[in-house]
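Come along and check each entry against the view below.

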Amino acid sequence: MNVTEAVKSRRSVRAFTDTPVELETMRRVMDSARWTASGCNYQPWEATILTGQPLANFQAKIAKDGPTEGEYDWAAPGQEELYKKRLNGVSAGMFGALGIARDDTAGRMAAMGRNATSFDAPALLLCYFPRLMKEAQWSDTGMWLQTIALLLREEGLDSCFQEFMGLYHKSIREFLSLDDDRYMVFCGMAIGTRDDAAPINNFDRERADLDDQVKFLGF
Ligand SMILES: Cc1cc2nc3c(=O)[nH]c(=O)nc-3n(C[C@H](O)[C@H](O)[C@H](O)COP(=O)(O)O)c2cc1C
């Protein structure tokens, strides 16, 4: 698989087969991902990857603890029409694929709730970093996560980033014995093998036109 194929075949996968994710595969992916660039070479990212019993224990804990308010705001861009439209686009695609009607609030909540078990993915990466990291280091961490997602494609695996896990930041720190004052939880990443037949993995996604976002000067 070349890089373009990895980029274009990656999508957020929200239904997985029960094929386990092997330790050697994850070690290979995470080892290569260390070569992600970061400002000042800070390499701010950290993660724990769970599978099997530890993952089951973690899911039992967050089910018991319940969500709290998030530590950061991911909804702010939705105030502007352009971004609201993009959010509504992906929601319509997702809920449409699941056959959930626009006015079915309970159905939508239940579908969103599947984030809590990471869509039954066999592995879950939890990503965090010291609180002293600022915008630049959040961005570095995003690059690292995308690198992981692409390397997973090369291994025939798929993923879904999960900001949703930010709602469980307290439980995550407790579960992983992370110092509350030092660590900020960024997100989760569900990892496993794509269930190709699942409609939720097959709806059409939209992207802005290239020329609306990028200008080319002097060519
Ligand atoms: C940092 C980050 C957090 C995300 N959090 C969630 C999440 O909590 N739950 C979810 O279903 N999708 C989540 N997504 C997936 C986005 O909805 C998805 O990337 C977007 O709709 C574009 O679709 P694609 O990834 O299939 O190309 C997240 C994506 C990113 C980059």
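**Entry 1: the ligand and its shell**

Which strand gives the most to the shell around the ligand? I looked this up first, keeping in mind that the model is predicted. I found that strand β3, residues 158-162, gives the most, with 3 residues.

I then asked which residues come nearest to the ligand. Of the 14 residues around the ligand, the nearest are S12, R14, E163, R205 and R207. Sorting the shell by class, I noted 6 charged, 5 nonpolar and 3 polar residues.

Next I went through contacts one by one. R10 places a polar side-chain atom 3.0 Å from an oxygen atom of the ligand. For F164, I noted a polar backbone atom 2.9 Å from an oxygen atom of the ligand. F161 also uses its backbone: an N or O atom there lies 3.2 Å from a nitrogen atom of the ligand.

How much of the ligand does the protein bury? Taken alone, the ligand exposes 610 Å², and the protein buries 75% of that. I also checked the pockets, and the largest pocket is the space taken by the ligand.

**Entry 2: R153**

I moved on to R153, which lies in helix α6, residues 135-154. Is R153 buried or exposed? R153 has 11% relative accessibility, so it counts as buried, the cut-off being under 20%.

What does the side chain of R153 touch? I wrote down two partners. The side chain of S9 joins that of R153 in a polar contact of 2.9 Å. A polar atom of the R153 side chain also lies 3.0 Å from the backbone oxygen of L157.

**Entry 3: two positive phi angles**

Here I looked at backbone angles. Most residues other than glycine have a negative phi. N41 is not a glycine, yet has a positive phi of about 55°. I located N41 in the loop between α2 (23-33) and β1 (46-51).

F119 is not a glycine either, and its phi is positive at about 55°. I placed F119 in the loop between α5 (105-113) and β2 (123-130). F119 counts as buried because its relative accessibility is 5%, where the cut-off for buried is under 20%.

**Entry 4: a few places and distances**

- A6 sits in helix α1, residues 3-9. At 6% relative accessibility, A6 is buried. From A6 to D212 I noted 206 residues in sequence and 24 Å in space, C-alpha to C-alpha.
- L176 belongs to helix α7, residues 169-176. L176 has a relative accessible area of 17%, so it is buried too. L176 and A101 are 75 residues apart in sequence, and their C-alpha atoms are 38 Å apart.
- N202 is in the loop between β4 (183-192) and α8 (210-213). Its relative accessible area is 44%, so N202 is partly exposed. N202 and T141 lie 61 residues apart in sequence and 28 Å apart in space, C-alpha to C-alpha.

Note on methods
Residues numbered from 1 in each chain as written. Predicted model: local features only at pLDDT ≥ 70, side-chain atom pairs only at ≥ 80, totals over all residues. Heavy atoms only, no water. Near = heavy atom within 4 Å. Polar contact = N/O pair within 3.5 Å; in protein donor to acceptor, adjacent residues only side chain to side chain. Areas by Shrake-Rupley, 256 points an atom, 1.4 Å probe, with all protein chains shown as cover. 1 Å grid on protein atoms, 1.4 Å probe; cavity = no way out; pocket = protein on both sides within 12 Å on 5 of 7 lines; lining within 4 Å. Sits in = over half its atoms within 2 Å of the grid points. Helix = DSSP H or I, 4+ residues; strand = E, 2+ residues; numbered from the N terminus. Nonpolar A, V, L, I, M, F, W, Y, C, P; charged D, E, K, R; others polar. Buried < 20%, exposed > 50% of the residue type's maximum accessible area, 1.4 Å probe, protein only.
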